[in-house]
Amino acid sequence: MTQTLKAVTTAGAIALLMSSAASAVTLNMMNGSEPGSIDPHQASGDWENRIIGDYIEGLMAEDADANAIPGQAESYTVSDDGLVYTFKLRDGIQWSDGTPVTAGDFVFAFQRLFNPATASDYAYLQFPIKNGSEIAEGTVTDFNELGVKAIDDKTVEITLEGPTPFFLQALTHYTAYPVPKHVIDAVGDDWTKIENIVGNGPYTPTEWVPGSYIKSVKSETYWDAANVQIDEVNYFVQDDLAAALSRYRAGEYDILTDIPSDQAEWIKTNLPGQDYFAPFLGVYYYVINQEKPPFENADVRKALSMAINRDVIGPDVLGTGEVPAYGWVPPGTANYEGVEPYQPEWIGLSYEERVAEAKAIMEGLGYTAETPLTLQLKYNTNDNHQRIAVAITSMWEQIGVKAELFNSETAVHYDSLRAGDFEVGRAGWLLDYSDPSNTLDLLRQPIEQDGTMNWGNNYGRYSSDEFEALVDQATTEQDLAARAKMLGDAEKIAMDATAAIPIYWYIAQNVVSPKVTGFVSNAADIHRTRWLAKSE
Amino acid sequence: MFGYVTRRVLSAIPIALIAVTACFFILRLAPGGPFDGERALPPVTLANLRAHYNLDLPLIQQYFIYVGRLLQGDFGPSMVYNDFTVAEMLWIGLPFTLMLGLTAFVIGTIVGLVAGAISAVNQNKLPDYVLVMLVMVGLVVPNFLMAAILQLVFGVYLDWFPAGGWQSGSLAHLVLPVTVLVLPHAGRTARLMRGSMIEVLGTNYIRTARAKGLGQRLILARHAIKPALLPVVSYLGPGLSYLLTGSLVVEQVFALPGIGKYFISAALNRDYGLVLGTTILYMFIILAVNLLVDIIYAWLDPKVRYS
């Protein structure tokens, strides 16, 4: 009798376990590299962003299309001069340990972000906030001077240096996320250890095996938990892309966030409907060192640009279908309404005509097949960069340019770009937030510091007073249409002078299982798990 | 014996110190730094970061700070992985790497010895040809290719084993990565065992044993195996070191949580703390394995003395 009873209870327990296990929906995501940190003030990669954006929510959050929508804030008002943003927090918002999220958590977070001791890589994204850069530089030491205030527990007031049309978008970035003051007060920087971590977002990390995966489970304390459909997310570390595709095919991943580019065609053919290849905000480009002759000559730069057949790079060289780029601001960038996408005056010519014209320019300067212009083309070691460099080298050969290829690992490559130790170099930029200023800033004049010129990300050292004046003027312009026009004019000036050679707009290469719904390709390539659902 | 071991351990200390010093300075000579990425950091941030990791101090001072901490067992912070110290990352990853490497070592050695012995006894007969061919496959197919083939065949098409990843305690997740590691190790062991066994079987004392009327089994067990093992044992040391330190491709392809992949990625990222930590750990593993092999060798071969 006892035996039977035992058997029945055991069977019942097993059935119960199985049913609860079956009802838990788990999303397995191939997430790329090992997260460097899941502290929003220390992170710097999109693979970290995927985890952080699922477990912490800022004042503003992203919808399925990655547009800024109210997150922890229920509503906000902006002062007439565009300088003061007042956010009203939602009622009942909590950290995952049940502690209320207050305006004080946001103030604390911004102070921590700018604190020089935090040494946050990406703090500069929030430099529009009053005294943000001054605190990071150490010229202002009183954190109360920061333009982020708690009016009461439910109200956050943010004052800016100047009107910043993209500020709400910037607030969706993880640098603007709150951090749990009560936990950091108790354990300091160890707060992201798995035993201490709490979040205020739809998921909370519960397990972290370095080199393998991070698991987050649905947070019942999240204000919109009722609409969150996936119960658990595994963010898998996976650097080898060919292996990633095998694991996807074996059903071990539901989402691939990157693919081996030589497999793009195969995926389109064999996994129809699962390829989410779509342009997103980023430009792949070559920089030309304008301090080295003859590259200070805009005609030389123009000839180099004209001779590149961009139409074959995306479809044929890479096989992923990247869209040719001729301008500097990616299509789909916000706050750029009314500006026609930039096109060089030679866009109407066929490729043969372009080569002929470029060849004529070079011949006029004395460069021919017999007496070619020799240059060094530097790129960071990577199969795709190499393929493109080889293709472009042969395109340049037609116009009397002989390029020697030189590759080095990423740290060394960018070190030499920054030092101006190159002639032509490969670079790329993914936008931090959707605004034209985020790419145009790459071409700005240097800041003088301790007697040396700091060129920042302007590796090619393009310098135009006219361009600079327009971009400067735009930073204080509040009328979005007028601002867009100024920035559009600035883009035209820089591109007419071939300040750099844009090659293609980046493509997000997601592969998503048919079981997953709610995945929307968008220009920011941000897909928060709360919008996804999965059927078995 | 005890004196021998003590002497060996003591002599390892200067070796370790030289290795740490060389590694520390060579790493700093390499161009680029831990904060050189695709984007230039604002000078303020860069200065803050450098101060945070003491990189703004004179190099020699940084060296003494590092060695001072090291003597207290502190490997310092990782400059890329902020949520863990180097020691934490190594202690989390090391057991896995050891488990993976030792499993492959034990299986590979047994398989290799048995296959080599069978081959030798059946020299130039069918089992020999088949085994030699299999051994060649294991030796010549590079591990990243073998990994991809196994993933496709057993992970995707047959769906017998997971194609990658790791769940604690799951044997199924270990099958493919261990196989990839076992094949070349078993192959080398088998080749050595076959060659050395054939040589031993041709010696005079084996002929004498046969002449005395001893059975094949007894000859093999009593007289042939032990001397035939000697060249194999001298390979097992480097072989084990290779399995423990060379699992980086396998860890990378199968996305396993060991320390092998830090070896390359940390060096490329110029993550000074992690490169040094990994190097020091590997150095100790290799020193320990070499010591172990020397002891075993002395036990197997009476001509080797402990002094």
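Predicted model: local features only at pLDDT ≥ 70, side-chain atom pairs only at ≥ 80, totals over all residues.
1. Confidence in chain A. The mean pLDDT of chain A is 90, and 96% of its residues reach 70 or more.

2. Fold and dimensions of chain A. Chain A holds 16 helices and 21 strands. Its radius of gyration is 26 Å, close to the 24 Å that the globule rule gives for 536 residues, so chain A is as compact as a globular protein of that length. The C-alpha trace of chain A spans about 100 × 55 × 40 Å along its principal axes.

3. Burial and contacts in chain A. Of the 536 residues of chain A, 57% count as buried. Among the contacts in chain A with a separation of 6 or more, 69% are accounted for by residues 24 or more positions apart.

4. Chain B. The secondary structure of chain B consists of twelve helices and zero strands. The C-alpha trace of chain B spans about 85 × 55 × 35 Å along its principal axes, and 47% of the 307 residues of chain B count as buried. Where contacts in chain B join residues at least 6 apart in sequence, 72% of them join residues at least 24 apart.

5. The second largest pocket. This pocket holds about 1300 Å³ of space and is lined by 42 residues, of which A:Tyr124, A:Phe127, A:Asp441, A:Arg444 and A:Ile447 lie nearest its centre. Both chains take part in the lining: among the elements that each supply at least two residues are helix 4 (132–137), helix 14 (437–440) and strand 17 (447–449) of chain A, together with helix 2 (43–52) of chain B. Helix 15 of chain A gives the most, with six residues. By class, the lining of the second largest pocket divides into 21 nonpolar, 13 polar and eight charged residues.

6. The lining of the largest cavity includes A:Gly53, A:Ile56, A:Tyr177, A:Pro202, A:Tyr222, A:Arg528 and A:Arg530. Strand 2 (residues 60–62) of chain A provides the largest share of this lining, three residues. The lining of the largest cavity has six nonpolar, two polar and four charged residues.

7. A cis peptide bond. A:Pro293 and A:Pro294 are joined by a cis peptide bond, with omega at about 0°. A:Pro294 lies in the loop between strand 12 (275–288) and helix 9 (298–306) of chain A.

8. Positive phi at two asparagines. Although A:Asn335 is not a glycine, it has a positive phi of about 60°, and A:Asn335 sits in the loop between strand 13 (323–324) and helix 11 (351–364) of chain A. B:Asn54, also not a glycine, has a positive phi of about 65° and lies in the loop between helix 2 and helix 3 (59–71) of chain B. Which of the classes, buried or partly exposed, applies to A:Asn335? With a relative accessible area of 13%, under the 20% limit, A:Asn335 is buried. B:Asn54, by contrast, has a relative accessible area of 25% and is partly exposed.

Conventions. Residues numbered from 1 in each chain as written. Chains lettered and ligands numbered in written order. Heavy atoms only, no water. 1 Å grid on protein atoms, 1.4 Å probe; cavity = no way out; pocket = protein on both sides within 12 Å on 5 of 7 lines; lining within 4 Å. Points joined across faces, edges and corners; volume = space filled by probe spheres on them. Helix = DSSP H or I, 4+ residues; strand = E, 2+ residues; numbered from the N terminus. Nonpolar A, V, L, I, M, F, W, Y, C, P; charged D, E, K, R; others polar. pLDDT = per-residue confidence, 0-100. Rg over C-alpha atoms; globule rule 2.2 N^0.38 Å. Buried < 20%, exposed > 50% of the residue type's maximum accessible area, 1.4 Å probe, protein only. Contact = heavy atoms within 4.5 Å.
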